Structure formats: structure tokens, C-alpha cells
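This report describes a few parts of one structure, for a reader who has not seen it before. The sequence and the model come next.

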Amino acid sequence: MLRLALLSCAAAVHAQTPQFLPAILPGLQFPMANEVAWGDYDRDGDLDLFVVSAFGSRLLRNEGSGGFTDVTVGLPLLAPSQRTAVFVQADGDGWPDLLLTWTGQARLFRNLAGAGWQELPANLPAGLPTIHGVVAADVDGDGDEDLVCAGHILDGGVNQLLSNDGTGVFTRSLPFAGSAFQPLVADVDGDADLDVFFVRGMFGLFRNDGGGVFTDRSAAALPGGFTGATAMALGDVDANGTIDVFLGGNDSILLNDGSGTFALEVGAAPPGLGATQRTALADVDGDGYPDLVRGTANFGSPTLALNDGSGTFQYVSGRLPALAALAGQIQAADLDLDGDPDLLLTGLGVAPQVLWNGHRHLTVAVQPTLGGTLAYDVWSQPGYGSFGRVAMLAVGLFRLPSRVALPNLGWLELDLGGPTVLVAVGFPPASGPQRVAFPVPNMPGVVGLPLLAQAFVDLTPDPAATRLSALVATAIR
């Protein structure tokens with residue numbers, strides 16, 4: 001009865017929004033977060049978040065349907081004024097563990113198969129200097145994750161390496177000269193091992209010999225005059241197969257010649273905006289080229305600049321929603337498993353939030369109530385696609401026992417074998433999201449009935465571009 005009523009009365013209505021949709025993360029209304037670390041701590045296939053906040057950090061479980069649940073209760077009481085966090089495969093059991101740091105303090109927590117956390121105070125060296133930023137990566141090629149740590153001398157920190165013995169016990173060494181706030185790792189010279197950058201406080205590059213022995217290449221491989229850089233992002237901006245650099249503060253693009261030597265590309269970056277704490281290179285528009293998102297600079301708003309494919313960037317301010325100043329950190333990750341990067345925004349002037357990428361996105365626009373309406377908004381390429389496109393919206397009652405990876409499509413979570421309504425949704429060129437509305441029967445017996453939906457988006461004009469949206473869930477009220 002419900003299936004027939006929904007199917008017969010579906011209608012599409014045009015609506016307009018920016019490309020990104022903001023959503024405040026739960027339990028974090030205070031605008032004092034430092035950064036976000038992510039990892040699949042419960043091994044359910046999506047990225048969970050650890051938000052570092054001055055008023056008490058939070059561990060947020062990704063529910064896979066566009067929402068998060070605060071599960072911090074599983075960790076012991078955490079002190080305020082935390083510096084940083086990182087998920088790390090410390091002991092090789094396949095469950096991401098968690099390193100947390102404060103001024104003059106670092107604590108390692110073992111993941112108990114997603115069911116809790118056990119602190120391992122003996123696994124870290126005693127008396128560690130302050131760690132301001134950290135990356136987990138196998139830099140010595142022995143199959144386990146080590147910790148590349150940045151520390152600034154103003155807080156008694158120093159750049160250092162914590163090498164993992166494979167069981168989650170770390171040994172400290174000092175292969176990196178200088179002090180900084182942020183480390184990054186990438187294979188910049190094409191020799192299949194991870195080299196290390198440091199930025200903020202210094203701008204340095206250390207070449208890895210493959211076994212975790214590092215040579216300082218800062219003077220030989222980097223142009224001078226960039227010690228004032230406040231943020232860094234890595235990506236192949238000119239599509240030649242090598243890792244390039246964007247430097248915030250200096251607002252410069254440094255192109256890699258393939259050997260790990262970098263040169264300034266004059267005029268590639270958009271006009272300078274000044275200091276920013278964290279920036280990202282990520283392909284937000286799905287054209288195959290990494291675009292540039294920057295945290296607040298000079299008390300302005302965060303910005304987005306698109307890559308034209310040659311490594312030259314142009315501002316597209318209208319694709320971001322209105323955002324607060326002092327949101328100094330932007331990171332990019334696919335949080336809803338729909339194949340495009342979403343943005344994570346933190347800083348002193350904004351509550352920590354996700355900016356959902358509207359590409360191939362699905363959301364409940366109107367919650368279903370008895371005798372009312374259920375409506376979904378379906379996105380394709382919001383407001384700028386050159387061709388008309390088609391999506392297929394599926395609404396059903398049952399979820400699969402576990403999500404299924406469909407090659408080149410994404411993750412299927414809706415049980416299409418159960419009662420399901422299918423509705424075709426058309427997108428004219430350069431259109432916004434399309435709203436699909438259904439009447440809800442005025443039948444008390446359907447109160448509480450769960451409704452699940454996914455969409456196959458971009459079925460035309462190029463079927464190879466088809467992707468699944470995330471699953472969204474609601475229930476009749």
C-alpha cells in the first residue's frame with residue numbers, strides 16, 4: 001500500500017544550493033577546535049573522526065548515512081588544551097589505535113577491536129618533547145606504521161621520529177633538523193618510499209633512502225624564501241605524475257621536476273590571502289585535477305579555487321556556503337563513501353563541522369510525518385554541469401546485513417531485493433539539486449516505519465561516471 005502510494009505521486013522540484021552543505025558535528029558547539037584526525041576505528045568501511053578541541057576532544061563514529069555519534073565515553077577522561085591526534089596501526093592487529101598529545105605529554109591507546117580502549121604508557125619513550133603535529137606512515141619499509149612528529153621549539157618541541165618495532169613499541173630518534181608545527185609525507189622522488197616535509201617554523205624536505213634513513217634536502221631541492229609558510233598541501237597539480245606543493249601564507253605553487261627538486265611556478269596560485277593554518281588539495285569537482293581549499297586568512301572566509309588541469313587555480317567563491325572567519329583549518333576526506341572529498345572545517349571562530357560535497361549527494365529534505373510529505377534532495381553536479389544528467393533514486397525498507405562494494409560504483413547498503421520504490425530524476429544542464437517528494441499516508445500503523453534511500457547518480461551521459469550516493473535513513477513520525 002505504501003509502496004504504491006509513493007510511486008504514483010513522486011514529483012521532482014528544482015532547488016538551488018552551493019556545492020557544499022554545512023553540518024555541525026555532534027557535541028562540539030564550542031568554536032575552539034584545533035583539527036580533526038580520521039580513521040576507521042570500528043572497521044566498518046567508513047572514516048570515523050577524532051576532533052581535537054580546547055573544551056574536551058570528541059571521538060565521533062561515522063554512521064555511514066551522513067551522521068555521526070559521539071562515542072568519546074569509551075576513552076578515559078582527556079585533559080583540555082590538546083595538541084594533536086592521529087590514528088595509527090601500532091600493533092599490527094588491523095584495528096587503528098590512537099595517539100593523543102598535549103604540551104609535554106603523549107598517550108597511546110590500543111583499540112580493543114572497536115569495543116574500547118586500553119592505554120599503553122610503556123609503549124612510548126619517556127619524556128617526549130611536545131608534539132604539535134604527527135603523521136602515521138611506514139617510513140622504514142618494515143610493514144608497520146611509524147610516527148613522524150613535528151614539534152616547535154617555543155613549546156620545548158623538536159622534530160622527531162618514533163619508530164615502531166611491529167608490536168606497537170616506539171623508539172625515538174632525531175633524523176630531522178629544526179622545529180615545526182606540521183609534518184607531511186609523500187614519495188616526491190619516485191623511488192617508492194616516503195619522504196618527509198616540515199612546515200610552519202621551518203620549510204624543510206628530508207629524503208628517505210627506503211630504510212628510514214633521511215638526508216636533509218632542504219637547501220638543494222627547495223627554493224629559498226619560504227620559511228614563513230604557515231601551511232602546506234601536497235598533490236599532483238599539473239597532472240604529470242609527480243607530487244607538487246602548495247604553500248599557504250606565501251600562497252605559492254612549487255612544481256616537482258620528477259626527481260624531488262621543486263621550483264616556483266609564477267602566477268599559478270590565486271592572489272595571496274595571507275596566513276592560514278591548514279589547507280588541502282583535493283579534486284572537489286570530479287574533473288581529475290586537485291583543487292585548492294584554504295582555511296581563513298587575514299580574518300576573511302575560507303576559500304575554494306579550482307585547478308584548470310595545468311596547475312593554475314581560479315577562485316569560485318560561490319561554491320562554498322557562507323562560513324565564519326577564523327576557521328583556520330580545512331581538511332578533505334570522503335566521509336560519506338560517495339566517491340568525492342568532503343571538507344572538515346575547524347578553528348577559533350566556528351563550531352567544528354563537515355561540509356558535505358554536493359556531487360552525487362543525497363539528503364532527506366523533508367522528514368516524513370503522517371499525512372504529510374517525505375522529500376529527498378538529489379545532487380548531480382550542483383549548478384555547473386555542462387550536460388543534462390539522470391539519477392535513479394531507490395527508497396526501501398531494509399538495509400543489507402553489511403555494505404557491499406560494487407566495482408566503480410561505490411558502496412551498496414540498501415536491500416534492493418526488498419520492497420523498493422524506484423524513481424528517475426532528471427537534471428537539466430547547470431541545474432541545482434532536484435527534489436523528489438512523496439505523500440505519506442495518514443495511517444497510524446506506519447508510524448516508526450524506517451525508510452532508507454540511495455541514489456545511482458550520473459547514469460547519463462557517461463555511464464562510466466555513475467556512482468552511488470551514501471545511504472540516508474529516516475522514519476515516519
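How many nonpolar, polar and charged residues does the lining of the largest pocket have?

## The largest pocket

The lining has 25 nonpolar, 13 polar and five charged residues. In this count Ala, Val, Leu, Ile, Met, Phe, Trp, Tyr, Cys and Pro are nonpolar, Asp, Glu, Lys and Arg are charged, and the others, Gly among them, are polar. The model is a predicted one, in which local features need pLDDT of at least 70 and side-chain atom pairs count only at pLDDT 80 or more, while totals for chains, interfaces and linings use all residues. Residues are numbered from 1 along each chain as its sequence is written, and side-chain values use heavy atoms, with hydrogens and water left out.

The volume of the largest pocket is about 1,100 Å³. Of its 43 lining residues, Glu35, Val134, Gln182, Arg278 and Gln331 are the closest to the centre. A pocket here is an open set of points on a 1 Å grid over the protein atoms alone, where a 1.4 Å probe fits, with protein on both sides within 12 Å along at least five of seven lines; lining residues have an atom within 4 Å of a point. The volume is the space filled by probe spheres set on the points, which are joined across faces, edges and corners.

Several strands (DSSP runs of E, at least two residues, numbered from the N terminus) contribute to this lining. S3 (33-39) gives the most, with six residues. Among the others that each supply at least two are S7 (84-88), S11 and S27 (329-333).

Buried means under 20% relative accessible area, with a 1.4 Å probe and protein chains only. Asp97, Leu99 and Thr101 point one way from S8, and Leu98, Leu100 and Trp102 the other way.

Strands pair if DSSP finds at least two bridges between them. S8 runs antiparallel to S7, with five bridges, and leucine 98 is the bridge partner of phenylalanine 87. Five bridges also join S8 to S9 (residues 105-111) in the antiparallel sense, with leucine 99 facing leucine 108 as bridge partner. Two residues separate S8 and S9 in a hairpin, and glycine 104 in the turn has a positive phi of about 70°.

## Asparagine 123

Asparagine 123 lies in the loop between S10 (117-119) and S11 (133-137). This residue is buried, with a relative accessible area of 13%. Beyond its neighbours within four places in sequence, asparagine 123 is in contact (heavy atoms within 4.5 Å) with Leu108, Thr167, Gly168, Val169 and Phe170. A polar atom of its side chain lies 2.8 Å from the backbone oxygen of glycine 168.

Terms used. Helices (H or I, at least four residues) and strands (E, at least two) are DSSP runs, numbered from the N terminus. Buried means under 20% relative accessible area, exposed over 50%, partly exposed in between (1.4 Å probe, protein chains only). A polar contact is a pair of N or O atoms within 3.5 Å; within protein, one must be able to donate a hydrogen and the other to accept it, and residues adjacent in sequence count only if both atoms are side-chain atoms.
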